Amino acid sequence: MILKRVLYLGSLVSLTIAAPKPPVPCRFASQWTSSQILSHPDSFEDALLYWEGKFHQHNVSYNAVNGMTFDGTLLDKVTGVHRVEGLHTFSAASKESLHFMMLAHVIDGNRGAARWILSGEGEHDLGNVEKARKVAFGILEKKWMSYSQFNQTYPGFGGFLPWFAHTESTILTPTFDWVNRVPALDNGENIWAIYATIEALLKVGNKKYDALAHNWQSYLDYLKTTAGKVFYRGEGHICAVTDLANQSLPVDHPDQSYKCEGTDQSSLINDPYEGQSFMFFFYLFGNLKKADKEALLAFKRPKLVSVEWSMPGYQKVTVQKGFWFSSHENWGWMQLPYTDIPLMKDLYANMERARTCDSQAKRLPGMFASINNSTDENGEIIGYISNAGIPAIANQTVQELDVITPYSTMNTMIVDKTVGYLWWHNMAVAKRMQNLYGSSESTRIDGTATSAFVSWDSKITTVNGILGGVTSLVRPHMQRDGIYNEFIEVVKSEYGRVFNKPLKGMKQEFCLPHLEVEDTGLVDFTTC
């Protein structure tokens with residue numbers, strides 16, 4: 001039996017219902033070999049999506065009352081069951097981005113996405129696309145009310161989201177460390193996810209869905225009018241984080257003001273990584289003069305660099321130099337149609353050649369991405385590891401390279417899904433790396449510790465990669481808005497400046513893991 005939380009007369013109540021028998025055990029990775037995955041990738045995907053869907057539950061990953069995400073939750077170090085006091089009751093626009101992309105897939109009728117969301121709902125009929133669509137629609141309605149209420153309460157943010165906190169009984173408020181502060185990067189990721197969701201809603205061809213699409217479009221239209229005032233300081237300078245005078249005052253209030261947090265270039269969006277998503281929103285919709293558009297592009301050019309990955313025994317591979325070369329840096333490639341351009345499609349594949357082959361060459365059981373560290377003996381997270389990637393092809397060469405994470409496969413899944421599955425499996429099969437909510441956050445390479453935590457960043461990045469990202473929804477929306485051709489031409493021009501010679505390594509095979517995480521005696525969660 002399980003408890004299912006439902007809304008009744010405006011309140012959440014619990015119903016005891018029969019739990020559907022899982023189609024596969026939660027520790028399914030140990031039942032698969034590499035050869036079986038190669039032979040039956042679709043069945044492996046079904047199992048993966050089913051269990052990752054268990055993350056999408058009330059007070060685990062999101063708030064069923066208001067439709068908003070939570071960052072994630074700590075797990076009991078013995079059982080692996082989510083800890084009530086371990087819920088991270090805060091979130092950000094980046095987590096919202098991942099949620100919107102999943103909901104867009106569900107609304108669009110994707111069967112894998114339907115399986116994911118219905119699993120979290122405890123439903124038996126995992127293939128019921130219409131039932132899944134209704135669930136997603138209900139969440140999007142609640143989100144709309146939450147966003148609207150937040151913007152009315154805190155108009156100073158200009159519609160953009162700071163990091164925020166909430167519970168079943170309290171409305172969204174900025175977290176204590178984001179009062180009168182707002183980030184551009186996370187909001188850029190969220191904007192394009194909402195953009196995709198609008199397209200999915202319109203495709204349904206239903207008046208109710210059209211009306212909700214109109215609501216979300218009005219939200220984006222408002223952001224177009226406030227983006228410049230909140231984030232842009234001229235000369236191509238977009239604030240990475242903006243400090244505002246008073247979050248409770250409207251954008252145009254005489255006592256309102258906006259300034260970049262910090263004084264050096266690190267306080268500005270000057271990267272060709274995930275920060276580029278906000279830049280493109282502002283470039284395409286900011287009603288800018290030609291000089292400002294050129295300034296935006298020029299300011300980012302120094303960081304767009306071609307570099308060769310090389311290791312003995314492998315072909316040299318041309319890639320875009322990363323910041324850390326963490327997998328999450330290519331977040332925007334899941335959203336914007338970069339790979340409609342042949343050069344970009346080849347470059348994207350090359351980055352995954354380098355990522356997979358680097359770990360194979362170094363005899364590592366997994367790959368790197370910015371991630372929460374292991375949990376300690378009290379079940380608390382030791383810290384966050386930002387500096388994790390491939391130093392040889394990164395700007396930042398001082399890195400902490402002892403923790404790997406399944407979500408390092410997020411881009412690999414898009415480029416070659418089966419290769420992505422094999423690397424994901426190689427990490428998930430390690431002790432304590434699967435739980436009642438799917439994959440665990442991370443594991444140490446030496447197998448001495450894992451993170452008893454589950455989050456949007458470490459799980460749903462991967463799932464969105466499996467589903468191919470949302471470029472198939474963003475593309476037609478861009479075409480209808482008349483901005484697709486401009487986007488393509490800008491990307492061709494900017495990347496063509498740097499990658500103006502044939503890419504090396506195009507014949508290098510994607511590499512597969514050779515070693516597993518060592519079994520040092522860690523004990524799996526008792527419920528899994």
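I began with the second largest pocket, and sorting its lining by class gave me 15 nonpolar, seven polar and eight charged residues. I note here that I am working on a predicted model, and every value below is computed from it. For the volume of this second largest pocket I have about 750 Å³. I then looked up which residues sit nearest its centre, and among the 30 lining residues these are Leu185, Asp186, Glu274, Trp324 and His328. Going through the helices, I found that H3 (93-107), H6 (184-204) and H13 (456-466) each supply at least two residues of the lining of this pocket. H6 gives the most to that lining, with four residues.

Next entry: the sheet with S3 in it. I recorded an open sheet of three strands in the order S4-S3-S19, with antiparallel pairing. Its edge strands are S4 (82-88) and S19 (453-455), each of which pairs on one side only. From one strand to the next, the twist averages 25°. As a reminder to myself, strands of a sheet pair through backbone hydrogen bonds, either parallel or antiparallel.

I then checked the two pairings of the sheet one at a time. S3 (residues 72-75) is joined to S19 by three bridges, the two strands running antiparallel, and on this side Gly72 has Ser455 of S19 as its bridge partner. S3 is also joined to S4 by three bridges, again antiparallel, and here I found Leu75 bridged to His82 in S4. In the hairpin of S3 and S4, six residues lie between the strands, and I noted that Gly80 takes a positive phi near 85° there.

Next entry: helix H8. How many residues of H8 (residues 276-285) are buried? The count is 10 of its 10 residues, and I therefore wrote the helix down as mostly covered, with buried taken as under 20% relative accessible area. The buried residues of H8 include Phe278, Phe280, Phe281, Phe282 and Phe285, together with Gln276 and Tyr283. Looking for what covers these buried residues, I listed H6, H7, H9 (290-300), H14 (471-481) and H15 (484-498) among the elements. After H8 comes Asn287, for which I noted a positive phi near 55°.

Next entry: positive phi in loop residues other than glycine. Glu235 has a phi near 60°, and its place is the loop between helix H7 (207-231) and strand S9 (241-244). Is Glu235 buried or exposed? Its relative accessible area is 62%, so I counted Glu235 as exposed. Phe325, also a residue other than glycine, has a positive phi near 65°, and I located Phe325 in the loop between strand S12 (317-320) and helix H10 (342-361). With a relative accessible area of 3%, Phe325 is buried.

Last entry: Asn330, which I placed in the loop between S12 and H10. Why does Asn330 count as buried? Asn330 is put in that class because its relative accessibility is 5%, where the cut-off is under 20%. I then looked up what Asn330 touches, leaving out residues up to four places away in sequence, and the list reads Tyr348, Met351, Arg355 and Asn411.

Note on methods: Residues numbered from 1 in each chain as written. Predicted model: local features only at pLDDT ≥ 70, side-chain atom pairs only at ≥ 80, totals over all residues. Heavy atoms only, no water. Buried < 20%, exposed > 50% of the residue type's maximum accessible area, 1.4 Å probe, protein only. Pairing = 2+ DSSP bridges. Axes fitted to C-alpha atoms, helices over the stretch in contact; angles between N-to-C directions. Contact = heavy atoms within 4.5 Å. 1 Å grid on protein atoms, 1.4 Å probe; cavity = no way out; pocket = protein on both sides within 12 Å on 5 of 7 lines; lining within 4 Å. Points joined across faces, edges and corners; volume = space filled by probe spheres on them. Nonpolar A, V, L, I, M, F, W, Y, C, P; charged D, E, K, R; others polar.
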